[in-house]
Amino acid sequence: MDKKVSRLRRAAATRRKIAQLQTARLSVYRSNSHIYANIISPEGDKVLVSASTLEPEVRQELSNNNAKSGNVSAAAIVGKRIAEKAKAAQIESVAFDRSGFRYHGRVKALAEAAREAGLKF
C-alpha cells in the first residue's frame with residue numbers, strides 16, 4: 001500500500017462515523033503548497049462553506065506577513081476564515097474530518113484556529 005491509499009483508508013473510517021452522527025463536517029485537505037477546508041452538509045452532497053490559501057484575501061494577508069501558503073501560520077489563517085464563514089452561514093457545530101492526515105502541524109493549527117474563532121467540534 002502506498003501513502004495515498006493508506007491515508008484514504010484511514011479517512012474512510014472517520015467519514016463512516018461522521019455519517020452516523022448526521023452533522024456537518026469540516027473536511028481538511030493539505031498539499032505541499034496549500035491547505036483547503038470545506039464544511040460539507042450532513043447528507044454529504046454539497047459544500048456549504050469553503051476556505052483555502054488560494055483565496056485572494058488569504059493570499060493578500062500572507063503577502064503582508066511575508067509568509068508562505070504551505071506553513072502553520074497560513075493554516076491558522078484558513079481556520080479562522082472558515083469559522084467566520086461558518087458563523088455567517090449559521091453553522092455553529094461541525095465534526096472534524098482530518099481526511100486521514102495526522103493531527104499535528106498544519107491540520108492541528110487549522111483546527112485550533114477554527115475553535116478559537118468560535119466553531120464547535
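Me: Is phenylalanine 121 buried or partly exposed?

Reply: In this predicted model, phenylalanine 121 has a relative accessibility of 33% and therefore counts as partly exposed. Phenylalanine 96, with a relative accessible area of 16%, is buried, because buried means under 20%.

Me: How is a pair of aromatic rings described?

Reply: One gives the distance of the centres and the angle of the planes. A search of the whole structure finds four aromatic pairs. In one of them, the rings of tyrosine 29 and tyrosine 36 have centres 6.0 Å apart and planes at 35 degrees, so this pair is tilted. Phenylalanine 96 and phenylalanine 121 form a stacked pair, with 5.2 Å from centre to centre and 15 degrees between the planes.

Me: Which parts does the pair of phenylalanine 96 and phenylalanine 121 tie together?

Reply: Phenylalanine 96 belongs to strand E4 (residues 95–97), while phenylalanine 121 lies in the segment after helix H4 (106–116), so the pair connects parts that are 25 residues apart in sequence.

Me: Which residues have the most contacts inside the largest nonpolar core?

Reply: They are Leu26, Ile39, Ile82, Leu110 and Leu119, in a core of 27 residues. Helix H3 provides the largest share of this core, seven residues. Leaving aside neighbours within four places in sequence, leucine 26 is in contact with residues including Ile39, Ile82, Leu110 and Leu119. Phe96 and Phe121 are also among the contacts of leucine 26.

Key. Residues numbered from 1 in each chain as written. Predicted model: local features only at pLDDT ≥ 70, side-chain atom pairs only at ≥ 80, totals over all residues. Heavy atoms only, no water. Phe/Tyr/Trp six-rings, centres within 6.5 Å; stacked < 30°, edge-to-face > 60°. Helix = DSSP H or I, 4+ residues; strand = E, 2+ residues; numbered from the N terminus. Buried < 20%, exposed > 50% of the residue type's maximum accessible area, 1.4 Å probe, protein only. Core = buried A, V, L, I, M, F, W, Y, C linked by side-chain atoms within 4.5 Å. Contact = heavy atoms within 4.5 Å.
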